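Here is a briefing for a reader new to this structure. Look through the sequence and the model first, then take the points topic by topic.

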Amino acid sequence: MEGQHEQTDDARAAEGQRADIYDEDGVISQSFLVHVGAAIADRDTLTLKRDVGDLHQSELGDLLEALAPEQRRALVELLGTDFDFSALTEVDEAIRLDIVDNLPNAQIAQAVQELDSDDAVYILEDLDQEDQDEILSQLPFTERIRLRRALDYPEETAGRRMQTEFVAVPPFWTVGQTIDYMREDNNLPDRFSQIFVIDPTFKLLGAVDLDKIMRTKRAVKVEEVMHETRHAIPATMDQEEAAREFEQYDLLSAAVVDENERLVGVLTIDDVVDVIQQEAEEDLLRMGGVGDEELSDSILSTSRSRVPWLLVNLVTAFLAASVIGLFDATIQQIVALAVLMPIVAGMGGNAGSQTMTVTVRALATKDLDIYNAWRVIRREIGVGFINGAVFAVLIGLVAGTWFGDPNLGGIIAAAMIINMFAAALAGILIPLLLDRLNIDPAVASAVFVTTVTDCVGFFAFLGLATWWFRYS
């Protein structure tokens, strides 16, 4: 009982320390940050190892991102072998490279041996080829071959994200032999939920869930209780497609096989959750035209990543301006047009962005395909007409009252309906067309949709106004 009380006290102390790390908003608390900063400044390794060394990898990652560059480098140096390198998988790429670039390759090689293979690959893949080769050369042969094989697969594939540590047994083993093997072998992964069944050439035959093993008598052969792995994932499959397999079939883990259907690794749900978050962030950033930008990037790299799409926007802005230029005489005669025309374009742009966002996301999740595309297009056309009519009435009444001209209210109302309809069409058809051309719709759609809504909005409003006031 006394031992249990001691464990409870230790657990409470650990919980108390964890509570002090974050504030009520879930970010690293200022008091903890000051405490760690003071310990770094005093080079107080005992305090750092006590208060930082036992943090969870995600907590240590948050701390590293909150510290200044020189502080995080000093923290890694002072912690030495107590620094958990798996925390580097929780931080931005720029921060990870900043830390790794300031460490000798021998120290990285030593640390990599203590990581799961998927975490080791995550750290090594961003390094220069020369550094990769030097670090790998210092690893044991088996570990070096495993990591090299994973690094040889293309980026953002299942092969890059897989864990090469797994449990595999032949079909003729008994359940008892399998259990004894798991108890006695020290090289098994820390956590696993499936045992894979392979032939002598490592070709995948099936799998057995751990709960099935525990419920089966020792004398039963593995081949009698195994099931076929219906969702084996090719190592070259895109990581987003692999994540979709997990989502569709509620998988906790899945075998990864090479082109000869030989077992080369396992993909687990924790890695898939990271993939889902990464892909969602990428789509969101690309829709804003900022690529793979991260908060820790430098001013120059951030500026460089944003310039290309800003340049495209500039070109399309001149296109919209040229449409306005066609009606400069009308604008000079009726100044109210200059006041009202941004409303039509702005409302169309927002409506187009709404449709585009839904479409791009549906394409990314494979919810939108050739079988339901026409139904979705009809729906968006209907939404465009209804919303256009609602806001046409509102803006028509406001504009007619504001400038005391019912004709002007009618013109802007008609232009609103036309542009909201065009926005709905552009918002869905442009992403579909880009996807058909194998162009990422998340990257390119926004610019083209905005161009369509601006040009149609200006042309419809100013064109109708010119026609009405010239011939009325």
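Asp 270 sits in helix 16, which covers residues 269-287. Its relative accessible area is 41%, so Asp 270 is partly exposed. Asp 270 and Ser 253 are 17 residues apart in sequence, and their C-alpha atoms lie 9.1 Å apart in space. The model is predicted.

**Other pairs, in sequence and in space**

- Val 307 belongs to helix 17, residues 299-325.
- Val 307 has a relative accessible area of 44% and is therefore partly exposed.
- From Val 307 to Val 225 there are 82 residues in sequence and 58 Å in space, C-alpha to C-alpha.
- Asp 152 is part of helix 10, residues 141-152.
- Asp 152 counts as exposed because its relative accessibility is 55%, and the cut-off for exposed is over 50%.
- Asp 152 and Asp 51 stand 101 residues apart in sequence, with 39 Å between their C-alpha atoms.

**Helix 19 and its partner**

- Helix 19 spans residues 336-364 and has 29 residues.
- From first C-alpha to last, helix 19 reaches 43 Å, close to the 42 Å expected at 1.5 Å a residue.
- After helix 19 comes Lys 366, with a positive phi near 65°.
- The axes of helix 19 and helix 22 (residues 441-471) come within 8 Å and cross at roughly 150°.
- That angle makes helix 19 roughly antiparallel to helix 22, since angles over 145 degrees count as roughly antiparallel.
- Helix 19 and helix 22 have a right-handed crossing.
- On the helix 19 side, the contact residues include Leu 337, Leu 340, Met 341, Val 344, Gly 348, Gly 352 and Met 356.
- On the helix 22 side, they include Pro 441, Ser 445, Val 449, Asp 454, Phe 458, Phe 461 and Ala 465.
- By class, this contact of helix 19 with helix 22 has 16 nonpolar, 7 polar and 1 charged residues.

**Helix 7 against helix 9**

- Helix 7 (residues 105-112) and helix 9 (residues 129-137) have axes that come within 9 Å and cross at roughly 60°.
- Helix 7 and helix 9 are therefore oblique to each other.
- The crossing of helix 7 past helix 9 is right-handed.
- Helix 7 makes the contact with Asn 105, Ile 108 and Ala 109, while helix 9 uses Asp 131, Glu 134 and Ile 135.
- The residues in this contact of helix 7 with helix 9 divide into 3 nonpolar, 1 polar and 2 charged.

**Buried helix residues**

- How many of the 8 residues of helix 8 are buried?
- In helix 8 (residues 117-124), 7 of the 8 residues are buried, so the helix is largely enclosed by the rest of the structure.
- The buried residues of helix 8 are Ser 117, Asp 118, Asp 119, Ala 120, Val 121, Ile 123 and Leu 124.
- Helix 6 (residues 93-101) has Ile 95, Arg 96, Asp 98, Ile 99 and Val 100 as its buried residues.
- The cover over these buried residues of helix 6 includes helix 4 (57-66), helix 5 (69-79), helix 7 and helix 8.

**Loop residues**

- What is the place of Ser 29?
- Ser 29 lies in the loop between helix 1 (2-21) and helix 2.
- Ser 29 has a relative accessible area of 6% and is therefore buried, the cut-off being under 20%.
- Leaving aside neighbours within four places in sequence, Ser 29 is in contact with Asp 20, Ile 21, Tyr 22 and Asp 23.
- Arg 43 is not a glycine, yet has a positive phi of about 55°.
- The loop holding Arg 43 lies between helix 2 (30-41) and helix 3 (45-51).
- Arg 43 counts as partly exposed because its relative accessibility is 46%.
- Asp 250, also a residue other than glycine, has a positive phi near 55°.
- Asp 250 is placed in the loop between helix 15 (239-249) and strand 5 (253-257).
- At 68% relative accessibility, Asp 250 counts as exposed.

Terms used. Residues numbered from 1 in each chain as written. Predicted model: local features only at pLDDT ≥ 70, side-chain atom pairs only at ≥ 80, totals over all residues. Heavy atoms only, no water. Helix = DSSP H or I, 4+ residues; strand = E, 2+ residues; numbered from the N terminus. Buried < 20%, exposed > 50% of the residue type's maximum accessible area, 1.4 Å probe, protein only. Axes fitted to C-alpha atoms, helices over the stretch in contact; angles between N-to-C directions. Parallel < 35°, antiparallel > 145°, perpendicular 65-115°, else oblique. Left-handed = near helix turned anticlockwise from the far one by under 90°. Contact = heavy atoms within 4.5 Å. Nonpolar A, V, L, I, M, F, W, Y, C, P; charged D, E, K, R; others polar. Expected span 1.5 Å × (residues − 1).
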